[in-house]
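Open the model in your viewer and keep the selection tool at hand. The stops below say what to select and what is there.

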Amino acid sequence: MDGQATGALERWREQLDGWAIPEEILAAAPESPWGFPVGLFRSRARRAGSGPATPSNLEAARHLPPGGGVLDVGAGGGAASLPLAATAGRLVAVDESPGMVAAFLAAAEAAGVPAEGVEGRWPEVADRVGPADVVVCHHVLYNVADLAPFVTALTGHARRRVVAELTERHPLAGLRPLWRRFHGLDRPDGPGAGDAAAALAALGLEVTRQDWESADRFGYDDLDELMLRESLLEPVGRDSVARFFEERATT
């Protein structure tokens, strides 16, 4: 691996490391800021399963034979794999959260597709999962500082295609002003999708990138959800965050 390739992987790791939350802030939080309500992912999976196909769905479907297998890594409620239920013969979901796995299995049963859920962290549980025709991995890469083993396990399980989806920029990038206001911390402005593509290419992978927009955004575009997640970091409170945005709107 040449210096340029190594640099792309190092930049990816360094920017993600820059989002680490200091221990004193974590200790003051009433609960972990890294968790997400299962209901949020359940509703996203329901919308994904009944809504129009996205470019990610279409790319996965293009490589999925009738009755083929789909592996969904970091599945949440199954928003990446459930849109393929009509074609797939089997869906397998991997997720660290037992609640997410349970939500996925319930949604798959409702969709009438055979499914299996594996609780655990990828790639540590990769040896518990067989190969699949298509591997999907949506909105997970920003949680992976060490891309090489993670992605190698993805590609090693895909007979035909890996489809990874992520937002154009880090989903917490919009919170940078809040971190400075309430915690006095400067956060990175990345990484972004371009950094991901460069890091994957550095691993010797052929990367095909397609940019598109969705009305159903995954992230913090909803102010109520943003305030909820930010207020978990310490007892700042929703009112303080709301006042911050009101001040920004009038300046």
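This is a predicted model: local features need pLDDT of at least 70, side-chain atom pairs count only at pLDDT 80 or more; totals for chains, interfaces and linings use all residues.

At 1% relative accessibility, W12 falls under the 20% cut-off and so counts as buried. W12 lies in helix 1, residues 3-17.

The structure holds one aromatic pair. The ring centres of W12 and Y142 are 5.8 Å apart and the planes meet at 15°; because planes under 30 degrees apart count as stacked, this pair is stacked. Y142 sits in the loop between strand 4 (132-138) and helix 6 (147-157), so the pair ties together parts that are 130 residues apart in sequence. Y142 has 8% relative accessibility and therefore also counts as buried.

Keep W12 and show the nonpolar core around it. Which residues of the largest nonpolar core touch the most other members? They are W12, L71, V73, W122 and F150, out of 30 residues in that core. Colour by element next: helix 1, strand 1 (69-73), strand 2 (90-95), strand 4, helix 6 and helix 8 (193-202) each give two or more residues to this core. Helix 6 supplies the largest share, five residues. In soluble globular proteins, nonpolar side chains tend to be buried together.

Go to R187, in the loop between helix 7 (176-183) and helix 8. Is R187 buried or exposed? At 7% relative accessibility, R187 counts as buried. Show W179 as well: R187 lies over the face of that ring, 4.2 Å from the ring centre. Then display the backbone of G18 and W19. The R187 side chain reaches the backbone oxygen of G18 at 3.3 Å, and a polar atom of the R187 side chain lies 2.8 Å from the backbone oxygen of W19.

Last, select helix 5, residues 98-111. Its 14 residues reach 20 Å from the first C-alpha to the last, close to the 20 Å expected at 1.5 Å a residue. Colour M100, V101, A103, F104 and A108, the buried residues of helix 5. They cover an arc of only 160° around the axis, which puts them on the same side of helix 5.

At the N-terminal end, S97 is the cap, with a side-chain oxygen 3.2 Å from the backbone nitrogen of G99. Just after the helix, G112 takes a positive phi of about 75°.

How values were computed: Residues are numbered from 1 along each chain as its sequence is written. Side-chain values use heavy atoms; hydrogens and water are left out. Rings of Phe, Tyr and Trp (its six-membered ring) pair if their centres lie within 6.5 Å; planes under 30 degrees apart count as stacked, over 60 as edge-to-face and the rest as tilted. Helices (H or I, at least four residues) and strands (E, at least two) are DSSP runs, numbered from the N terminus. Buried means under 20% relative accessible area, exposed over 50%, partly exposed in between (1.4 Å probe, protein chains only). A charge sits over a ring if NZ of Lys or CZ of Arg is within 6 Å of the ring centre and within 35 degrees of the ring normal. The expected span of a helix is 1.5 Å times one less than its number of residues. The arc is that of the directions from the helix axis to the C-beta atoms. A polar contact is a pair of N or O atoms within 3.5 Å; within protein, one must be able to donate a hydrogen and the other to accept it, and residues adjacent in sequence count only if both atoms are side-chain atoms. A nonpolar core is a set of buried Ala, Val, Leu, Ile, Met, Phe, Trp, Tyr and Cys residues joined through side-chain atoms within 4.5 Å.
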